[in-house]
Amino acid sequence: MEEYICIACGTQYPPALKPPLSCPICDDPRQYVPPAGQQWTTMADLAADHENRVREDGELVGIGTEPSFAIGQRALLVPYGDTNLLWDCVTLLDDATAAEVERRGGLAGIAISHPHYYSAMVDWARRFDCPVHLHAADAEWVMRPDDAIRFWDGDQLELEHGVTLIRGGGHFPGGTMLHRERMLLTGDIIQVIPDRSHVGFMWSYPNLVPLPDAEVQRVAASVEPFAFDAIYGAWWDRLIPADAKDVVRRSAARYTRALAGEL
Ligand SMILES: [Zn+2]
Ligand SMILES: [Zn+2]
């Protein structure tokens with residue numbers, strides 16, 4: 001039995017004798033099946049020619065896979081008392097990565113913005129014996145169910161040590177962001193784009209499908225009660241170090257104007 005992993009999106013599936021017939025995450029029109037078709041790997045094969053880099057990104061420490069794998073996101077270690085919370089997740093988990101995370105205080109929990117980064121969350125949860133916090137609105141996208149997964153409902157979930165999970169919606173109905181001190185970690189829910197004076201909001205990023213304006217305004221309104229200066233996006237170095245709250249306001253207003261043909 002193998003826990004097969006989709007090469008295109010990095011999602012790990014429950015133990016099986018053969019790879020799944022398809023990957024619902026990739027079949028969903030927010031993502032895509034590559035022109036060459038669906039392909040699968042395993043954690044052992046992935047570890048044979050990939051490794052994780054653990055390094056500082058802004059004021060946090062990130063974990064990203066090299067060479068880039070699947071969607072290419074990096075996870076972040078969020079200080080959490082004398083341990084950490086893992087924000088978003090990457091598929092590869094090898095002994096070197098686990099040892100490095102342990103050296104930095106281990107994990108008390110995992111929180112993930114949306115299904116594109118569920119990746120191998122169950123392997124991570126089991127390795128660190130910790131829960132995974134996911135918004136219940138996206139429960140249908142969990143491909144490998146496990147007792148470690150704790151679904152939360154509503155608009156906010158207060159964890160310990162000043163960490164709050166915020167449901168923004170948008171890209172996915174349960175689209176989640178994390179607030180701690182003056183930082184907002186957004187995954188793909190608010191997208192850090194090349195022009196750091198603005199952020200983006202999309203239903204599908206690879207396929208360039210926009211969101212309704214009302215939904216974008218709802219995402220922006222969800223973070224309005226929180227004080228933050230910095231936004232950390234989903235990839236290495238995708239961050240806005242200062243003034244990020246104004247950037248979100250400005251970008252939501254620009255989205256309305258863009259859809260109205262007023263740019
Ligand atoms: Zn996939
Ligand atoms: Zn996404």
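A charge is taken to sit over a ring if NZ of Lys or CZ of Arg is within 6 Å of the ring centre and within 35 degrees of the ring normal. By this rule, Arg 55 lies over the face of Trp 236, at 4.0 Å from the ring centre. The charged end of Arg 30 likewise sits over the ring of Phe 172, 3.8 Å from its centre.

## Basis of the values

This is a predicted model, in which local features need pLDDT of at least 70 and side-chain atom pairs count only at pLDDT 80 or more, while totals for chains, interfaces and linings use all residues. Residues are numbered from 1 along each chain as its sequence is written, chains are lettered from A and ligands numbered from 1 in the order in which they are written, and side-chain values use heavy atoms, with hydrogens and water left out.

Donors are N, O and S atoms within 2.8 Å of the metal (3.2 Å for Na, K and Ca); water is not among the atoms, so sites may look incomplete. Four donors count as tetrahedral if all angles lie between 85 and 135 degrees; four count as square planar and six as octahedral if opposite donors are over 155 degrees apart and all others between 65 and 115; anything else is irregular. The ideal angle for four tetrahedral donors is 109.5 degrees.

Cys 9 and Cys 23 link distant parts of the chain: each is in the loop between β1 (5-6) and α1 (24-27), and they are 14 residues apart. Helices (H or I, at least four residues) and strands (E, at least two) are DSSP runs, numbered from the N terminus. Cys 9 and Cys 23 are both buried, where buried means under 20% relative accessible area, exposed over 50%, and partly exposed in between (1.4 Å probe, protein chains only). The relative accessibility is 0% for Cys 23 and 2% for Cys 26, which also counts as buried. A search of the whole structure finds 0 disulfides, a disulfide being a pair of cysteine sulfur atoms within 2.5 Å.

## Zinc ion (ligand 2)

The zinc ion (ligand 2) is coordinated by His 114 (NE2), His 116 (ND1), His 171 (NE2) and Asp 188 (OD), at 2.1 to 2.2 Å. Angles among these 4 donor atoms span 91 to 147 degrees, and the site is irregular. The donor spacing in sequence is H-x1-H-x54-H-x16-D.

His 114 lies in the loop between β7 (107-111) and α4 (121-128), and His 171 in the loop between β11 (163-167) and β12 (176-180), so the pair ties together parts that are 57 residues apart in sequence. His 114 is buried, at 0% relative accessible area, and His 171 is buried at 1%.

## Aromatic pairs

Rings of Phe, Tyr and Trp (its six-membered ring) pair if their centres lie within 6.5 Å; planes under 30 degrees apart count as stacked, over 60 as edge-to-face and the rest as tilted. The count comes to 4 aromatic pairs. One of them, Trp 124 with Phe 128, is stacked, with 6.1 Å centre to centre and 20 degrees between the planes. These residues are 4 apart in helix α4, a separation of about one helical turn, and both Trp 124 and Phe 128 are buried.

The pair of Phe 201 and Tyr 255 is edge-to-face, at 6.3 Å centre to centre and 90 degrees between the planes. Phe 201 lies in the loop between β15 (199-200) and α5 (213-223) and Tyr 255 in helix α6 (residues 244-259), so the contact ties together parts 54 residues apart in sequence. Phe 201 and Tyr 255 are both buried.

## Salt bridges

The structure holds 16 salt bridges, each a side-chain nitrogen of Lys or Arg within 4 Å of a carboxyl oxygen of Asp or Glu. One of them joins Arg 127 and Asp 95, whose closest N and O atoms are 2.8 Å apart. Arg 127 is in helix α4 and Asp 95 in helix α3 (residues 95-103), 32 residues apart. Arg 127 is partly exposed at 42%, whereas Asp 95 is exposed at 54%.

Arg 144 and Asp 123 also meet in a salt bridge (2.8 Å, N to O). Arg 144 is buried at 6%. Within helix α5, Glu 215 and Arg 218 are 3 residues apart and form a salt bridge at 3.3 Å. Salt bridges that share partners join Glu 3, Asp 123 and Arg 144 into one network.
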